[in-house]
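Please look first at the sequence and the model, and then follow the paragraphs below through the structure one region at a time.

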Amino acid sequence: MMPQNDFDFDRYWLDKFSRCLGAAAGEQVRQEVLAGSEGLSAETHRDEVIAWTQGAMDRLESLVDEDRARAVMVGCGCPYPREDLAEMRRVYAETGDVDRVHDMLQEHFQGFLRDTLRLDEAMIAEVVRRGWGLAGVKQGNTIIATKIPKSGFLVQYMNESDPEKRRAMYCHCPRVRDAVQSGARILATYCYCGAGFYKGVWEEILQRPVEVEVLESVMRGDEVCKVAIHVPGDE
């Protein structure tokens, strides 16, 4: 494993994108969508990375249908540590109670805010009030998850009054932050990468497929990124 300071997000993401393209769309589509990405890396000028990403999303949407394009991007989502979800997975296997494991996930998330991010109780209460974070808000068999702003910018985000500046620091993906800051737009299909994070969390807990849907995105000009996760009811 490479040292953290040598981590190249662009190459890491492109490798994952390549695998997902091949698995969900086939080799011909993979080659066409990836065209021009060979030299991209963390050292590449951000404008070039954004322009390539815009083109890649355009090519993807022109070559496959909407469901296939979303499947490619969902597969690119960052994985949540499986060990942190093990107890929730065990409880669901024993009880089939989605509400119970949802409560456990919320407790786990608030512990992360308190113990890892070291937020004070007032800030934690505000994050919870806004419905931000890992667990989201359960509404029947749908969970509405609003992404918490990138943790390194969270306090700055909360203190910023300019909505455009808030949008530019919101996303966890550096490519999206760069695009928003420059005023560029990438097709919202890209945001299914972020939705894939939640899909991975809930499929790990439930050990069964769930569907995700992007409802809002800063790439569309929205204030936040919001994802619907459709989960099965209690067994």
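Leaving aside neighbours within four places in sequence, Leu105 is in contact with Leu85, Met88, Leu134, Ala135, Val201, Trp202 and Ile205, where contact means heavy atoms within 4.5 Å. Leu105 is found in helix 6, which covers residues 98–115; helices here are DSSP runs of H or I with at least four residues, strands are runs of E with at least two, and both are numbered from the N terminus. Because its relative accessibility is 0%, Leu105 counts as buried, a word that means under 20% relative accessible area, while exposed means over 50% and partly exposed lies in between, with a 1.4 Å probe and protein chains only. Leu105 and Glu87 are 18 residues apart along the chain, and their C-alpha atoms are separated by 9.9 Å.

Two remarks on the source belong here. This is a predicted model, in which local features need pLDDT of at least 70 and side-chain atom pairs count only at pLDDT 80 or more, whereas totals for chains, interfaces and linings use all residues. Residues are numbered from 1 along each chain as its sequence is written, and side-chain values use heavy atoms, with hydrogens and water left out.

Which residues touch the most other members of the largest nonpolar core? This core has 77 residues, and those with the most contacts to other members are Trp13, Phe17, Met73, Trp202, Ile205 and Ile229. Helix 11, residues 192–206, gives the most to this core, with nine residues. A nonpolar core is here a set of buried Ala, Val, Leu, Ile, Met, Phe, Trp, Tyr and Cys residues joined through side-chain atoms within 4.5 Å. Trp13, not counting residues up to four places away in sequence, touches Trp52, Met73, Cys76, Arg175, Tyr190 and Cys193.

The next region is the pair formed by helix 1 and helix 2, which pack at an angle of about 145 degrees with their axes 7 Å apart; the axes are lines fitted to C-alpha atoms, for helices over the stretch in contact, and angles run from 0 to 180 degrees between N-to-C directions. On the side of helix 1 the contact is made by Leu14, Phe17, Ser18, Leu21, Gly22 and Ala25, and on the side of helix 2 by Val29, Arg30, Val33 and Leu34. Ser18 has its place in helix 1, and with a relative accessible area of 16% it is buried; beyond its neighbours within four places in sequence, Ser18 is in contact with Arg30 and Leu34.

Within helix 2, residues 27–34, the buried residues are Val29, Val33 and Leu34. Seen down the axis of helix 2, these buried residues fall within an arc of 115 degrees, so they line one face of the helix; the arc is that of the directions from the helix axis to the C-beta atoms. What covers them includes helix 1 (9–25) and helix 3 (46–63). Just after helix 2, Gly36 takes a positive phi of about 90 degrees.

From the helices the reader may turn to the strands. An open sheet of four strands has the order 1-2-4-3 with antiparallel pairing, and two strands are said to pair if DSSP finds at least two bridges between them. The edge strands are strand 1 (137–139) and strand 3, each of which pairs on one side only. On average, with direction ignored, neighbouring strands of this sheet are turned by 25 degrees against each other.

Strand 2 (residues 142–146) and strand 4 (residues 226–230) pair in the antiparallel sense over five bridges; Ile144 stands opposite Ala228 in strand 4, and Ala145 stands opposite Val227 in strand 4. Strand 3 (residues 211–216) is likewise joined to strand 4 by five bridges, and the two run antiparallel, with Val227 in strand 4 as the bridge partner of Val214.

Finally, two loop residues deserve a look. Arg118 lies in the loop between helix 6 and helix 7 (121–129), and its phi is near 55 degrees, a positive value in a residue other than glycine; with a relative accessible area of 68%, Arg118 is exposed. Gln207 lies in the loop between helix 11 and strand 3, and Gln207 has a positive phi of about 55 degrees although it is not a glycine. At 53% relative accessibility, Gln207 counts as exposed.
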